[in-house]
Structure formats: C-alpha cells, structure tokens
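Please open the structure in your viewer and keep the selection tool at hand. The stops below can be followed in order.

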Amino acid sequence: MPNYWVVGASWGGVDHQDQSFIEKGIWMLGWEEGKQPSRASKMKSGDRIAIKRMKGRKTGIRIFHLGIIKGVILETSKVICTVDWVATDLGR
C-alpha cells in the first residue's frame, strides 16, 4: 500500500525548485543537515508525491505537480527521490 506525500519545493520559502525538479525527474528535501524530518526517511518506491505551495496564511494549499516515487536516496544531509511526474503545472 503506497503512502501519500504532500511536499514543498521552495527553499527558504522563496526559492522555487519545482520546475527544476520536474525537468530532472526528482524531488529533493532542501533542509539543512541535521534538520531533516525523520519521516522523510520513510519515503519509498511506489509512494505518491504531490508538490504544493501555500496560498497564504491559513488559507490552504495549491497542488502543482503529481508523481510516483521510483526510488529514494537517503544521505546524511539530504533526501532525494527519483520521480515519474505524471501530472504537472496543475495549480489546483
């Protein structure tokens, strides 16, 4: 049974990486070393992933891209997923 991940793609809240991730077929958690959330290590092949952006404070999110995780690379300073992006530029 796959897990479902709703993730961000802007580093520091302003440096949007989503188009680069789509072009490269990846998603990468851009947190500083030692501050990676432990739950990210539970990502696995076959899980579903969605890149979101916040619409504003307390007003919800917009989903931009949907994909299926093909593989996960866990390193001490990053989590990198290879992703088959199946729907992009949605803005929903």
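Which residues have the most contacts inside the largest nonpolar core? Select Val7, Phe21, Trp27, Met43, Ile49, Ile51 and Trp85, which hold that place in a core of 19 residues; a nonpolar core here is a set of buried Ala, Val, Leu, Ile, Met, Phe, Trp, Tyr and Cys residues joined through side-chain atoms within 4.5 Å, where buried means under 20% relative accessible area, exposed over 50%, and partly exposed in between (1.4 Å probe, protein chains only).

Before going on, note that this is a predicted model, in which local features need pLDDT of at least 70 and side-chain atom pairs count only at pLDDT 80 or more, while totals for chains, interfaces and linings use all residues. Residues are numbered from 1 along each chain as its sequence is written, and side-chain values use heavy atoms, with hydrogens and water left out.

Next, colour the elements that each supply at least two residues of the core, namely strand E1 (4-7), helix H1 (18-24), strand E4 (26-29), strand E5 (48-54) and strand E7 (79-87); helices (H or I, at least four residues) and strands (E, at least two) are DSSP runs, numbered from the N terminus. E7 gives the most, with 5 residues. Centre the view on Trp27 and, leaving aside neighbours within four places in sequence, show its contacts (heavy atoms within 4.5 Å), among them Val7, Phe21, Met43, Ile49, Val79, Cys81 and Trp85.

Now turn to E5 and its strand partners, two strands being paired if DSSP finds at least two bridges between them. E1 and E5 pair in the parallel sense over 4 bridges, and valine 6 stands opposite alanine 50 in E5. E5 and strand E6 (residues 61-74) run antiparallel and are joined by 7 bridges, with arginine 48 facing its bridge partner isoleucine 68 in E6.

For the charged side chains, look for 2 salt bridges, each a side-chain nitrogen of Lys or Arg within 4 Å of a carboxyl oxygen of Asp or Glu. Select aspartate 18 and arginine 53, whose side chains meet at 3.0 Å, N to O; aspartate 18 lies in helix H1 and arginine 53 in strand E5, so the pair ties together parts 35 residues apart in sequence. Aspartate 18 counts as buried at 4% relative accessibility, whereas arginine 53 is partly exposed at 28%. Finally, select aspartate 47 and lysine 44, whose closest N and O atoms are 2.9 Å apart in a salt bridge; aspartate 47 is buried, at 0%, and lysine 44 is partly exposed, at 36%.
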